[in-house]
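This briefing covers salt bridges, a helix pair and a pocket.

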Amino acid sequence: MLSRSRMRPVLGRHTRQYASWTTSLNMIDRHNRRVNAFVAVQQKSILEQLGKESTERFEQGKALGPLDGVPIGIKDNFCTTALPTTCASRMLSRFQSPYDATVVERLNKAGAILMGKTNLDEFAMGGSNIFSVHGPVINPHGDGESRIAGGSSGGSAAAVAAGMCPAAIGSDTGGSVRLPASYCGVVGYKPSYGRCSRHGLVAYANSLDTVGVLAKDVKTASDVYDAISGYDPKDPTSMPDPLRIRIDASDAALAAQWSADDLTGLVVGVPQEYYVHPMPDTVVGLWRQGIRYLKSLGATMVPISLPHTRLALPAYYTIALAEASSNLARYDGVRYGRRSEADSDGSLPYADTRAEGFGDEVKRRIMLGTHILTAGTYEKSFLPAQKTRRLIQADFDEAFAMPNPLYSHVTPLGRSRSRSGVHVIVTPCAISSAPELRAIEDNVRQGGGVDTYVNDVMTVPASLAGLPAISVPFGKSTEDNFPVGLQVVSQYGYDKVALRVADILSCGAE
């Protein structure tokens, strides 16, 4: 159980832990025109029916669980039958999925009320949520000052921050849940790769895409995670039950060792490579404050080195763009999605469809990814990036006290494990608070936006290694009074350990 006093309600009692759908709908009506978090909202008649059914279950003592009747947003790259799935792109502007994503099915089964679809960068490609056919998402913090919400799950983060829903589903490829969570002052949780089914999540980079959760606090994120996690035969990358059961036993036993006021025995790693040059003093100060708070509860702080972290960003973008180029080849104007009408004789429908359907950032990433996969460049760029990915994973395996359950007592590169190590790693989640919207848009116009890729530097390493990582709000910048988040990372599969420490860390926030 998590450390907060807001414990789970006893099923069957007439208690509600979260805001009602009517409150969420009112907040959407009040704030969405400015924030632009939701791109589609469920019909009120359907919401009324779902709310009525949930109330009846509570009155009959048959509540389905802690999410029964809870309003939740869904990022618009998850397939839903009730609402269109556009991926914030002209390419899928009229696409209606014939099936629900597995996580959507499981939320429905848990009694959650799906309020609507949230905004994102087109096909989840971006870190600012400005590359959307629906327009940019505006950070809810600040009076009259337009700051980015972060991306690509900026709509989900902004919806939670603005009180439109207590939780929302996002997708995290290289930080797309954690970065907007840090910018918007909410919790952003990326589970271990394979913990939650990707079936029905429109693919960006298959080996990196992970279902994530944006929530008002760690307790809420944990409730949502419990509802959507589990093996799914429809997803070939889903963690199989035998492995899941074995990991869960070790994970639960380790997480149970620590309480909110006693972290004796917890070893926290502080990686020196995360002290990057662009990081302002205010972020470093909050990082140190978080370290001091955990230490005051009895945790042991250990400086560690993750030497291949400096290679993570180029390795990530090499792999991600190569996979994106392959995945987006399916949008040809023939099978589904937009079809161009510019070429009347039909001789060039593929080229016209893609030129009209994709935005500039998606086109940029497709072209870069296609180049990476060409003969010669593949051997010089893609294969070395994959090798670098294994080195980054080995760095983490060497640092953690828990062995990687995917391997035996040695790392994947054959190096013997250390006898001691850390249980979690704590770092900043972003190199700054939310940048100004105008500055990001100017950067895109002048230089194509490639400079903004550096914003992922704190989140990419955990994504490459498939590790559980959680961003928790830990204060505000002294420079602009916008939120700053800290990130907790643990060994692969040890999600409950990461959640427990993140929940305790959040109690020390300003």
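A salt bridge is a side-chain nitrogen of Lys or Arg within 4 Å of a carboxyl oxygen of Asp or Glu. By this rule the count comes to 13 salt bridges. The model is predicted: local features need pLDDT of at least 70 and side-chain atom pairs pLDDT 80 or more, while totals for chains, interfaces and linings use all residues. Residues are numbered from 1 along each chain as its sequence is written, and side-chain values use heavy atoms, without hydrogens and water.

**Salt bridge**
- Arg 198 pairs with Asp 235 in a salt bridge, with 4.0 Å between the closest N and O atoms.
- This pair links distant parts of the chain, 37 residues apart: Arg 198 is in the loop between β5 (187-190) and β6 (210-215), and Asp 235 is in the loop between α6 and α7 (241-255).
- Helices (H or I, at least four residues) and strands (E, at least two) are DSSP runs, numbered from the N terminus.

**Helix pair**
- The axes of α3 (residues 102-109) and α6 (residues 218-228) come within 8 Å and cross at roughly 110°; axes are lines fitted to C-alpha atoms over the stretch in contact, and angles run from 0 to 180 degrees between N-to-C directions.
- That makes α3 roughly perpendicular to α6 (65 to 115 degrees).
- Val 103, Arg 106 and Leu 107 in α3 meet Val 224, Ala 227 and Ile 228 in α6, contact meaning heavy atoms within 4.5 Å.

**Largest pocket**
- A pocket is an open set of points on a 1 Å grid over the protein atoms alone, where a 1.4 Å probe fits, with protein on both sides within 12 Å along at least five of seven lines; lining residues have an atom within 4 Å of a point.
- The largest pocket is lined by 18 residues, and Tyr 99, Leu 201, Val 202, Ala 203 and Arg 330 lie nearest its centre.

Methods:
Angles under 35 degrees count as roughly parallel, over 145 as roughly antiparallel, 65 to 115 as roughly perpendicular and the rest as oblique.
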